[in-house]
Amino acid sequence: MINKEKIQVVVADAECEKYVDTILKTIEDAAKVRGTGIAKRTHEYLATKMREAKAVIALYEGRFAGFSYIETWGNKQYVTTSGLIVHPDFRGLGLAKRIKDMTFSLARTRWPHAKIFSLTSGAAVMAMNTRLGYQPVTFADLTDDEAFWRGCEGCINVDVLHRTNRKYCICTAMLYDPTEHLPAKIPDDVIERIKKLDA
């Protein structure tokens, strides 16, 4: 039986690259089960997020339990928290919320003035976003950074996005505006690591 108190949720680093292939497989399998689209990412893409302190990983006694990462868009005016996944063995333990909270705090700490947005087709993620202060918005309220929208090309529903001239798709757009909320709090050791990376 899994002791949920022993699941560590931390900002990933280069040593976590050994979990990347398992993460990618878990994301792919979950998308197949749900029958929904997901933007496909490469091994190197996720490994880079880990090296740059732009990812959160959950581990249990050396096993992969969950993951999410962040990315900036539009000259760092927008941030996304993406790829939230919990391994099937660790679902139902409140782990998605812990990962989401840490990823959200990390994004707010690194880019305190950026708007944070999410595209999701999952009810659980919508509920977590709402609790954190996200509001449903139109796609026009999101970044116009073409690099972000190219990430949707790997999704099985990209034809909907194209047919609607990027006005809407299967996913719901949600936006967090930092001007409406208090500052985030992230552990001091992570802040020091980020300062070194950003120097």
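Trainee: Which residue is the bridge partner of Val-137 in strand 7?

Mentor: That's Ala-173. Keep in mind that we're looking at a predicted model. The two strands involved, strand 6 and strand 7 (residues 172–176), pair in the antiparallel sense, over three bridges.

Trainee: What is the order of the strands in the sheet they belong to?

Mentor: Read across the sheet, strand by strand, and you get 1-2-3-4-5-7-6. This is an open sheet of seven strands, and its pairing is mixed.

Trainee: Which strands are the edge strands?

Mentor: Look for strands that pair on one side only: here they are strand 1 (8–11) and strand 6 (135–137).

Trainee: Now the helices. Which strands does helix 2 lie across?

Mentor: Helix 2 (residues 43–51) lies across strand 2 (55–60) and strand 3 (63–73). Its direction is at about 85° to strand 3.

Trainee: And which strands does helix 3 lie across?

Mentor: Helix 3 (residues 95–110) lies across strands 1, 2, 3, 4, 5 and 7. Against strand 4 (78–86), helix 3 runs at about 160°.

Trainee: Let's move on to charges. How many salt bridges are found in the whole structure?

Mentor: First the general idea: side chains of opposite charge can pair when their charged atoms come close. In this structure, the search turns up twelve salt bridges. One of them joins Glu-44 and Arg-51, at 2.4 Å from N to O.

Trainee: What about Glu-52: which residue does it form a salt bridge with?

Mentor: With Lys-54, and their closest N and O atoms are 3.2 Å apart. Glu-52 is partly exposed, with a relative accessible area of 30%. Lys-54 sits at 14% relative accessibility, so it counts as buried, the cut-off being under 20%.

Trainee: How far apart in sequence are the parts tied together by Asp-198 and Arg-110?

Mentor: The side chains of Asp-198 and Arg-110 meet in a salt bridge of 2.8 Å, N to O. Asp-198 is in helix 7 (residues 188–198) and Arg-110 is in helix 3, so the pair ties together parts that are 88 residues apart in sequence. Arg-110 counts as buried, at 12% relative accessibility.

Definitions and conventions. Residues are numbered from 1 along each chain as its sequence is written. This is a predicted model: local features need pLDDT of at least 70, side-chain atom pairs count only at pLDDT 80 or more; totals for chains, interfaces and linings use all residues. Side-chain values use heavy atoms; hydrogens and water are left out. Two strands pair if DSSP finds at least two bridges between them. Helices (H or I, at least four residues) and strands (E, at least two) are DSSP runs, numbered from the N terminus. Contact means heavy atoms within 4.5 Å. Axes are lines fitted to C-alpha atoms, for helices over the stretch in contact, and angles run from 0 to 180 degrees between N-to-C directions. A salt bridge is a side-chain nitrogen of Lys or Arg within 4 Å of a carboxyl oxygen of Asp or Glu. Buried means under 20% relative accessible area, exposed over 50%, partly exposed in between (1.4 Å probe, protein chains only).
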